[in-house]
Amino acid sequence: MSHGIILGWLLGFALVHSGLAALRPRGEKLLGARGYRVLFASASLLVVVPLLGYFLKHRYDGVQLWQVQDVPGVRECVLVLTVISFLFLFPATFNLGEISAIQKPQIHLYSEGIIRICRHPQMVGQIIWCIAHTLWIGSSFMVVTSLGLIAHHLFGVWHGDRRWAARYPEAFPALKASTSVIPFLAIIQGKQKLILREFLRPAYAGVAVFVIAVYWLHPQMWLWAEKIPW
């Protein structure tokens, strides 16, 4: 039963997150860029917080398909993959001032930094995170959750490209032609070059601090989830 419930939560989050993203042009006309950002973030958090709680409490539900937590090297592999996943999930091209609506939120078409590797880094980060945590947990519930998350992000690739193409009919085709969805493909094809100095940004130090904080808070998160009455 929990497998179906988590898919329902994921579907609800996808409808809220992607739906509000699609309505952004109309919403900004009514509420302004900052007002719509606050609505978007608030609505997303209202879904993602209970979703996270449900996931944490039921992560070992169902059939235990494998158990490799005691295998030497697996823990280290999961930690490394998780760190890499967050570097993609929270790329340095994000402007924290815009995310928090302190500055006027805007859509930016980047073609540098992590975008040289993949035009949709959040999709890559989510897939890596799912691989790492599915390997570690090994339950059928985790497999179902990962498949749902990956499906949402693959939809987000199509949905994001569609929205950018509609908003930037002249600029986006050039960006699309010079980047790739498959990681490193544009670099292999010679359309991009990997410039390491573009990754030497304070934002990545912030990502590192965030990863350490999340790792440290894991036991507290598990205790919090166990208190949720569902």
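Q: How many aromatic pairs does the structure hold?
A: This is a predicted model, in which local features need pLDDT of at least 70 and side-chain atom pairs count only at pLDDT 80 or more, while totals for chains, interfaces and linings use all residues. Residues are numbered from 1 along each chain as its sequence is written, and side-chain values use heavy atoms, with hydrogens and water left out. Rings of Phe, Tyr and Trp (its six-membered ring) pair if their centres lie within 6.5 Å; planes under 30 degrees apart count as stacked, over 60 as edge-to-face and the rest as tilted. The number of aromatic pairs in the structure is six.

Q: What is the relative accessible area of phenylalanine 141?
A: Buried means under 20% relative accessible area, exposed over 50%, and partly exposed in between (1.4 Å probe, protein chains only). Tyrosine 54, at 5%, is buried. Phenylalanine 141 is buried too, because its relative accessible area is 0%.

Q: What is the angle between the planes of phenylalanine 55 and phenylalanine 141?
A: Both phenylalanine 55 and phenylalanine 141 are buried. Their aromatic pair is stacked, with 6.4 Å from centre to centre and an angle between the planes of 25°.

Q: Which residues touch the most other members of the largest nonpolar core?
A: A nonpolar core is a set of buried Ala, Val, Leu, Ile, Met, Phe, Trp, Tyr and Cys residues joined through side-chain atoms within 4.5 Å. In soluble globular proteins, nonpolar side chains tend to be buried together. The largest core here has 23 residues, and those touching the most other members are Ile6, Phe55, Phe86 and Trp129.

Q: Which residues does isoleucine 6 touch, not counting residues up to four places away in sequence?
A: Contact means heavy atoms within 4.5 Å. Isoleucine 6 belongs to the largest nonpolar core. With residues up to four places away in sequence left out, isoleucine 6 touches Leu51, Tyr54, Phe55, Phe141, Val144 and Thr145.

Q: At roughly what angle do the axes of α2 and helix α9 cross?
A: Axes are lines fitted to C-alpha atoms, for helices over the stretch in contact, and angles run from 0 to 180 degrees between N-to-C directions. Val49, Leu52, Gly53, Leu56 and Lys57 in α2 meet Met221, Trp222, Trp224, Ala225 and Glu226 in α9. The axes of α2 and helix α9 (residues 202-226) come within 8 Å, crossing at roughly 95°.

Q: How is α5 oriented relative to α6?
A: Angles under 35 degrees count as roughly parallel, over 145 as roughly antiparallel, 65 to 115 as roughly perpendicular and the rest as oblique. The axes of α5 and α6 are 9 Å apart, and the helices pack at an angle of about 175°. The orientation of α5 to α6 is therefore roughly antiparallel.

Q: What is the relative accessibility of serine 140?
A: Serine 140 lies in helix α6. Not counting residues up to four places away in sequence, serine 140 touches His3, Asp61, Gly62, Val63 and Leu65. Serine 140 counts as buried because its relative accessibility is 15%.

Key. Helix = DSSP H or I, 4+ residues; strand = E, 2+ residues; numbered from the N terminus.
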